[in-house]
Amino acid sequence: MITFSNVSLIYPHSTKTVLEDLTCQIQEGEMVLVMGQTGSGKSSLLRLINGLVPHHTGGILAGDITVDGISTREVKPGSLAHLVGIVGQNPINGFVTDIVEEEIAFGMEALNFAPDVMRKRVEEVLDLLSLNSVRNRTISSLSGGEQQRVAIASALVMHPKVLVLDEPTSALDPIAAEEVLSVLHRLVHDLSVTVIIAEHRLERVIQFVDRIIYIESDGETSIGSAEEILEKSTLVPPIIRLARALNLSEFGTSVREVRRLTSDVRNIEINAETHSRASTSPVIEVNSLHIQYGSDIALHRISTVIGQGEIVALMGRNGAGKSSLLEAIVGVLKPNAGTVRVYGGNPAELAGSQRRQTIGYVPQEPADLLYGQSVKEECTQADTQAGLSPGTTFSFLNRLVPAISEHAHPHDLSEGQRLALVLSIVLSGNPKLLILDEPTRGLDYQAKALFTLALKEYATKLNNPVLLATHDVELVAELADRVIFLAEGEIVADGSTLDVLLSSPAFAPQVAKIMSPQPWLTVDHVVAALRENS
Amino acid sequence: MTKPLHPLTMWVWSLVLSIGIVALDNTWVALATVGVAALVVYLRRDGSPWNATFWWSLRIGVFIIALRALIGVLIGVPIPGTELFRIPILELPSWMPGIRIGGAVTLERLSSSVHEGVIIASMIALFGAASALTSPHKLLRVLPVFIYEIGITLVIATSVFPQLAHSVKRIRRAQQMRGMEKVSLRSIALPLLEETLTRSLQLAQSMDSRGYGVSRRRSRYRPAPWLARDFYFVLTAVAAATVMVAS
């Protein structure tokens, strides 16, 4: 279906090749995963398939790509619209109309389909993606998962032979992500659509894919089955790390397979030790907090206390009230009723340097805080603001991500580097509390591991609390001590990470699913438990 | 919810009425027309984000009236009449003859400036009403394909601008939460510019990869027929405008 022959790609004003000599064939009805570190050129590879690269972006392309016999060199992306459906990283940025139904019909209108054909196809695709109940809604009022499905629907309605998706689940909670992936799985199996997908959270997709294209940082690529590629790769999901740690003879990519391989590991007796955390002095006290926007209730009389040195993860569906709670704690959102106290004071009264020394805040889009012309400028500014000796922030940053150039423009950094930069700037104020809003979108496993390490060090060394909102269960399993689960503006679960994550199969991390009923969440837990046992 | 009018109806209505206003050149009629437009917007609003456009156009209108009045007071031809107050005349270099800044301010001069301001503001308010009731995306669907580039530009502008206000709010909040003492223009503009550019490029890419502009002809999923009520609606405006032009 798709043939890459000796494809190399280099962008203008850049010395680094994005792709080097990629040759491969993708068959009809195959599901292929594109993986690589952040900023390694996954998106470029995807957009080569319908010619957006280089027609829209510029750059020098060597070699040739053909889709169903048509060379992307010779036609514009629009001429491949009936053949290739593409769903970008942020579907909301690609929507052209306001209403779900009109959005789905847009592509067909543009290609001058007959009205009766359009009617039929829209109905079909609405059913296929279970969007019938929202067909007349405005797109902006839908949840993230629904928007993602609308984007997929408007690509599918053209009956493309190839569907290309760039991180389709990165902004979704685990349940919505599962929904989207099961739809893709069905498309591949029932309609024999060729699906090419890029994703960082391998644990979500790995069980569905037939082959993997792995882009290494120097543009070299390797192609092979999931087992072949993951055997050598440094970017591996927990399921493979588990297999490595246990020295299993075979690799498995699905929970079912690995469960079969590890039945003897699970059957050991362990003494169920319940170590309750020593109660620490409270830092954040939330007392019957009530927030509403107009008639929409965002938070309904919630109360909780977060103590020193705790790492607390705030989870819940998109729109469950996570951001409202964070904003109220930081003190920029005035509660309708109830109180928030941070270190005994009202956070809304903090200002300027006093605020920076009390609360460190990393927003959902780290770039919102960056407006310097270079990494160095940002670091110097942070040093002067915090009254540190020059170079402190930069050396901290260097420890987080080595090999970052101080002359680089913040815009040119990779997702992970930018987060590290913002984290270093925020931590330079030496805040007594750290709050992060969905920090790990678009981070690969290595960047996430570094990030986890930095936060843990901050919490244990300085005995300060960390509060983070996230959808990433694997991150929560590795990092958090405690999970607060929000739904419809209320706390539905609040307890140790182990209890909360194990109580719901949808939110259980991969290792927990494999090792159930043993209470192990991460590879480290398994290894530690086994060592204790032997 | 009321069934939407044809996307062009409100635009034609506003256009015809503004011709009338300019032709008649009467402050009170202009204000009354804006009142009617406000009533129409109130009756036909459907809760979409565009509805706020009318409110914004009114604000811009007030600003224009104020600006026009101020300029009228400072600069302008002296019109004889009841003198209200007198401000000192600014000495201008000899190469700027015929311009007077300051001097006597008469009631006639002030009212004529305000009158001009009101006429301009009314036209803006009328078009604000049209765009408040017609989603620009719907308008795009009735435009012919051969103005393809204009179509892409229109969609990008109308999709990105409402999000702009949202982004500014988000960036400002993030910087406040960070504890930046003063949120400067630069600190907001740079992240905003970056985001808006990325967003516009993504939208253009999306439209292109979905085949927009490939076919010369474009079919309609839900044709928007020009109904009798669209006709009557426009007819009221034409009648009103005819009276205004004739008198």
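Me: How many cavities of 30 Å³ or more does the count come to?

Reply: Rolling a probe the size of a water molecule over the atoms shows where empty space is left. A cavity is a set of points, on a 1 Å grid over the protein atoms alone, where a 1.4 Å probe fits but cannot get out. By this rule there are 5 cavities of 30 Å³ or more. This is a predicted model, in which local features need pLDDT of at least 70, side-chain atom pairs count only at pLDDT 80 or more, and totals for chains, interfaces and linings use all residues. Residues are numbered from 1 along each chain as its sequence is written, chains are lettered from A and ligands numbered from 1 in the order in which they are written, and side-chain values use heavy atoms, with hydrogens and water left out.

Me: What volume does the largest cavity have?

Reply: A volume is the space filled by probe spheres set on the grid points, which are joined across faces, edges and corners. For the largest cavity it is about 110 Å³.

Me: Which residues line the largest cavity?

Reply: Lining residues have an atom within 4 Å of a point. Here they include A:Leu369, A:Tyr371 and A:Ile425, and also B:Arg178 and B:Met180. Helix H14 (residues 375-386) of chain A gives the largest share, 4 residues; helices (H or I, at least four residues) and strands (E, at least two) are DSSP runs, numbered from the N terminus. By type, the lining has 5 nonpolar, 2 polar and 2 charged residues. Ala, Val, Leu, Ile, Met, Phe, Trp, Tyr, Cys and Pro count as nonpolar, Asp, Glu, Lys and Arg as charged, and the others, Gly among them, as polar.

Me: What is the radius of gyration of chain B?

Reply: The radius of gyration is taken over C-alpha atoms, and the globule rule is 2.2 Å times the number of residues to the power 0.38. Chain B has 23 Å, whereas a compact globule of 247 residues would have a value near 18 Å. Its C-alpha trace spans about 65 × 60 × 35 Å along the principal axes. The secondary structure of chain B comes to 8 helices and 2 strands.

Me: Is A:Ile65 buried or exposed?

Reply: Buried means under 20% relative accessible area, exposed over 50%, and partly exposed in between (1.4 Å probe, protein chains only). A:Ile65 is buried, because its relative accessible area is 0%. The residue lies in strand S4 (residues 60-67) of chain A. Contact means heavy atoms within 4.5 Å. Leaving aside neighbours within four places in sequence, A:Ile65 has contacts that include A:Ile2, A:Phe4 and A:Leu48.

Methods:
1 Å grid on protein atoms, 1.4 Å probe; cavity = no way out; pocket = protein on both sides within 12 Å on 5 of 7 lines; lining within 4 Å.
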